Amino acid sequence: MERRAFVKGAFGLAVMAAGTGLGFGAYSLYAGDAARGTKVLTTAASMAPAVAEGPLMQAGIALYEQADGVLAGWLDDTQLFTVDQTGAALISLADGTRSIDGIAAEVAALIGAPVDVAEVASFFVTLGQSGFLQNTVVVNLYETQA
């Protein structure tokens with residue numbers, strides 16, 4: 001596996017490794033693994049990418065909360081990326097049933113603060129470019145001219 005270290009996108013996504021073959025995505029909650037921290041969620045098989053309305057995470061990625069509050073995404077024995085709490089909330093909602101706008105609205109309600117849809121789109125584009133989404137996230141960003 002080719003290892004990359006870069007930080008890109010919103011909400012503190014740090015991609016540490018890429019190039020793994022992954023499956024489908026949805027979510028189930030689990031309790032801890034002492035070596036990695038406390039398991040928060042694991043993506044599991046759900047829908048075909050062709051019918052997904054929004055971002056659809058790959059299957060088998062587990063998020064573990066570490067002692068410092070950072071959440072690390074793992075696939076088997078490989079750490080893939082780290083995210084903060086907002087990034088974890090975004091990933092937990094990326095089950096293919098919600099649009100990027102819908103995910104942004106739900107996260108804004110969860111954290112009680114506005115969330116920039118462009119930053120949410122950038123977050124999922126980064127995950128997609130790194131191979132952690134099953135589907136392609138297409139984003140149209142435009143600027144209104146007066």
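Colleague: Thanks! Let me start with a detail: where is the place of aspartate 76?

Modeller: Aspartate 76 sits in the loop between β6 and β7. Before we go on, please keep in mind that this is a predicted model.

Colleague: Noted. Is aspartate 76 buried or exposed?

Modeller: Aspartate 76 has a relative accessible area of 63%. Anything over 50% counts as exposed, so aspartate 76 is exposed.

Colleague: And what is the phi of aspartate 76?

Modeller: Near 55 degrees, which is a positive value in a residue other than glycine. There is also a glycine with a positive phi: glycine 69, at about 90 degrees, in the turn of the hairpin that β5 and β6 form.

Colleague: How many residues lie between β5 and β6 in that hairpin?

Modeller: There are 5 residues between them. The two strands run antiparallel and are joined by 4 bridges. Tyrosine 64 stands opposite alanine 72 in β6.

Colleague: What stands opposite tyrosine 64 in the pairing of β4 with β5?

Modeller: That is lysine 39. Strand β4 covers residues 38–43 and strand β5 residues 62–65; they run antiparallel, and 4 bridges join them.

Colleague: Let's step back. How many helices and strands does the chain have?

Modeller: It has 3 helices and 7 strands. Along the sequence the pattern reads β-β-β-β-β-β-β-α-α-α.

Colleague: What share of the residues count as buried?

Modeller: Of the chain's 146 residues, 45% count as buried. The chain exposes about 7,500 Å², and carbon and sulfur atoms supply 53% of that area.

Colleague: Which residues touch the most other members in the largest nonpolar core?

Modeller: That core has 29 residues, and the ones touching the most other members are Met57, Phe81, Val83, Ile91, Val120, Phe124 and Leu127. The elements giving two or more residues to this core are β6 (71–75), β7 (78–83), α1 (85–93), α2 (100–111) and α3 (117–129). As background, nonpolar side chains tend to be buried together in soluble globular proteins.

Colleague: One last topic: where is leucine 41, and is it buried or exposed?

Modeller: Leucine 41 belongs to strand β4. Its relative accessibility is 5%, so leucine 41 counts as buried. The C-alpha atoms of leucine 41 and isoleucine 91 are separated by 9.5 Å, with the two residues 50 residues apart along the chain.

Colleague: What share of the contacts join residues at least 24 apart?

Modeller: Among contacts between residues at least 6 apart in sequence, 54% join residues at least 24 apart.

Note on methods:
Residues numbered from 1 in each chain as written. Predicted model: local features only at pLDDT ≥ 70, side-chain atom pairs only at ≥ 80, totals over all residues. Heavy atoms only, no water. Core = buried A, V, L, I, M, F, W, Y, C linked by side-chain atoms within 4.5 Å. Buried < 20%, exposed > 50% of the residue type's maximum accessible area, 1.4 Å probe, protein only. Pairing = 2+ DSSP bridges. Contact = heavy atoms within 4.5 Å. Areas by Shrake-Rupley, 256 points an atom, 1.4 Å probe, with all protein chains shown as cover.
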